[in-house]
2 protein chains.
Amino acid sequence: MAERSRSLWLRTTSARPDPPLTVERITAAAVELLDEDDVGQLTMRRLADRLGVGTTTLYWHVDTKEDVIDLAVDAVFAATPPPPPGDDWRADVTTLLTERRAALLRHPWSAVMRRRPAVGPGFLSWMEFLQATLTRAGFTSRDVTAASWVLYSHVQGSAASQATLRWSVAERREGQLMLERHSASYPTLAAQRHLLDDDWDTNFALGLAYVLDGLTARAAAGAT
Amino acid sequence: MAERSRSLWLRTTSARPDPPLTVERITAAAVELLDEDDVGQLTMRRLADRLGVGTTTLYWHVDTKEDVIDLAVDAVFAATPPPPPGDDWRADVTTLLTERRAALLRHPWSAVMRRRPAVGPGFLSWMEFLQATLTRAGFTSRDVTAASWVLYSHVQGSAASQATLRWSVAERREGQLMLERHSASYPTLAAQRHLLDDDWDTNFALGLAYVLDGLTARAAAGAT
DNA sequence: TCCAGCAGTCGAACAACGTTCCGGTGCCCG
DNA sequence: CGGGCACCGGAACGTTGTTCGACTGCTGGA
């Protein structure tokens, strides 16, 4: 439709007016749409409109809406490719996790949408780099697996908690009030008054430090 | 309707035939229904049918379907109340996390449904016990917060990964084949061949050990 | 004794969603 | 030139969450 307004000679240069609809374009549009309203108001119709395409056309390239979500989630993984490995495994893991966290905070929905395995190429290459780094550092196979999962849960969970708790300031304030009203039941939580509104950057850094410290200590003490 | 078939005298004994519909009964039925098919085929109509009630009656007790999910998720928290504190903080934390994990594996959907803050009384009392234990152990307020979040992410994430990867054996086998076919791109993952089908019990125990070890070491080395 | 009012219930309906059916294009290759 | 194929899309179906307004039976005050 925007195409039709361009002058004819300009149009004749390429037989296809637009690049044909591909899975990549669908994925990109889905990410765009999910970024706009975090509520997850992703709709097949809205997605098609955004692409200037009929709704049912999507189903030629994609089997189901779940596929679109899986693609979008994996695209966020792929958006931050693993950095080149250095000589310090601890630094490598830290930057890998930090960049992953930044990507998750840029696309908060991808931290929450986790109902499916989501073992796409993006996730796999990310995991590959993580496990390769740990393996190169000399850890046992058992330690590598366990450590990679706890590290994965840490980034993912941290970003998810931060994202869900950030939503709706009104609800958060209400929750804080409710917490202080029931301070008899939750003395510790009410005392430190930082459960709902917290410094997530240092929370993340400290948690990461615990895991890495414990991992090295346990590996030094003797393998499993 | 089943009520109408009972003989009249039996009916007259109590004015109210059934205990009236309460939020508690709705919550219990929702948990039941979610336990049956993990897909999350929870429907307001199905829920009402299960309770022998018209569909729209639910909306007198509950504002929206999200409320029902929040209630169900929090009910799983409340189902495993915090054990009485002992003298070993490490053992306390371990049993708290282990029982939480068992509950999550009993109700796999509650590990996956995490789109909302879910700061209900069940979650709060669980968190309260965790942070109280860590505080009693002498950790800094900063360490308590960071540690409780990383521990929370660990249980939650471990159970979620285990649950999502357990679904659909066919898909998992396909994934394993795909992994080995692309072994050039993911040498480490393909080599240890345990990414998709793993021993989650020891993964969980090891990860927990890393965190607790690192936490104690860092606290001993001097507060933040 | 009556009757207003309220807690609780529900049938019918609405809008939106994911998805399928089937009919269309236009291009390529024989 | 003409059949087939990759690709597109309008219309429709069944299901979902939710709302509207009407109905019931109880309770308490006049």
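Which residues come nearest to DNA strand D? In this predicted model, select DNA strand D and the 16 residues around it, of which Val53(A), Gly54(A), Thr56(A), Thr64(B) and Lys65(B) come nearest. If you colour that surface by residue class, you will find seven nonpolar, seven polar and two charged residues near DNA strand D.

The surface near DNA strand C divides into seven nonpolar, seven polar and two charged residues.

**The two copies**

Chain B is superposed on chain A by a rotation of 180 degrees with 0.0 Å of shift along its axis, at an RMSD of 0.0 Å. The two copies are therefore related as by a two-fold rotation axis. To place that axis on the screen, select Gly214(B), whose C-alpha is the one in chain B nearest the axis, 2.0 Å from it. The copies use the same surface, in that 100% of the contact residues of chain B recur in chain A.

Staying with the interface, select the 53 residues of chain B that are in contact with 53 residues of chain A. On the side of chain B that touches chain A, at least two residues each are supplied by helix H8 (121–136), helix H9 (141–166), helix H11 (187–192) and helix H12 (200–220) of chain B. The largest share of that side, 18 residues, comes from H9(B). By class, the residues of the side of chain B that touches chain A are 23 nonpolar, 21 polar and nine charged.

**Chain A as a whole**

Of the 224 residues in chain A, buried residues make up 37%. If you draw the contacts in chain A between residues at least 6 apart in sequence, 68% of them join residues at least 24 apart.

Within chain A, pick out helix H9 (residues 141–166), whose 26 residues reach 37 Å from the first C-alpha to the last, close to the 38 Å expected at 1.5 Å a residue. H9(A) is mostly covered, with 21 of its 26 residues buried.

**The nonpolar core**

Bring both chains back and select the largest nonpolar core, which has 106 residues. The residues with the most contacts inside this core are Ala30(A), Ala147(A), Ala30(B), Ala147(B) and Leu151(B). Centre the view on Leu151(B), which, leaving aside its neighbours within four places in sequence, is in contact with Val93(B), Leu97(B), Leu130(B) and Val211(B).

**Around Ala30(B)**

Go on to Leu42(B), in the loop between helix H2 (23–36) and helix H3 (44–50) of chain B. Is Leu42(B) buried or exposed? Leu42(B) counts as buried because it has 20 C-beta neighbours inside 10 Å. Not counting residues up to four places away in sequence, Leu42(B) touches Ala30(B), Leu33(B), Leu34(B) and Leu47(B). The C-alpha atoms of Leu42(B) and Ala30(B), which are twelve residues apart along the chain, are separated by 7.4 Å.

Then select Arg46(B), in helix H3 of chain B. Arg46(B) has 15 C-beta neighbours inside 10 Å and so counts as partly exposed. From Arg46(B) to Ala30(B), 16 residues apart along the chain, the separation of the C-alpha atoms is 9.4 Å.

**Helix H5 of chain B**

Select helix H5 (residues 65–79) of chain B, which has 15 residues and reaches 21 Å from its first C-alpha to its last, close to the 21 Å expected at 1.5 Å a residue. Its buried residues include Val68(B), Ile69(B), Leu71(B) and Phe77(B), and among them are also Asp70(B) and Asp74(B). Show what surrounds them, and you will see that the buried residues of H5(B) pack against H2, helix H6 (89–106), helix H7 (109–112) and H8 of chain B.

**Last stop: Gln156(B)**

Finish at Gln156(B), in helix H9 of chain B. Gln156(B) is buried, since 22 other C-beta atoms lie within 10 Å. Leaving aside its neighbours within four places in sequence, Gln156(B) is in contact with Gly157(A) and Ala111(B). For a distance across chain B, draw a line from Gln156(B) to Gln176(B), 20 residues apart along the chain, whose C-alpha atoms are separated by 25 Å.

Key. Residues numbered from 1 in each chain as written. Chains lettered and ligands numbered in written order. Predicted model: local features only at pLDDT ≥ 70, side-chain atom pairs only at ≥ 80, totals over all residues. Least-squares fit on C-alpha atoms with pLDDT ≥ 70 in both. Contact = placed C-beta atoms within 7 Å. Near = placed C-beta within 6 Å. Nonpolar A, V, L, I, M, F, W, Y, C, P; charged D, E, K, R; others polar. Helix = DSSP H or I, 4+ residues; strand = E, 2+ residues; numbered from the N terminus. Core = buried A, V, L, I, M, F, W, Y, C linked by C-beta atoms within 7 Å. Buried ≥ 20, exposed ≤ 12 C-beta atoms within 10 Å, placed from the backbone. Expected span 1.5 Å × (residues − 1).
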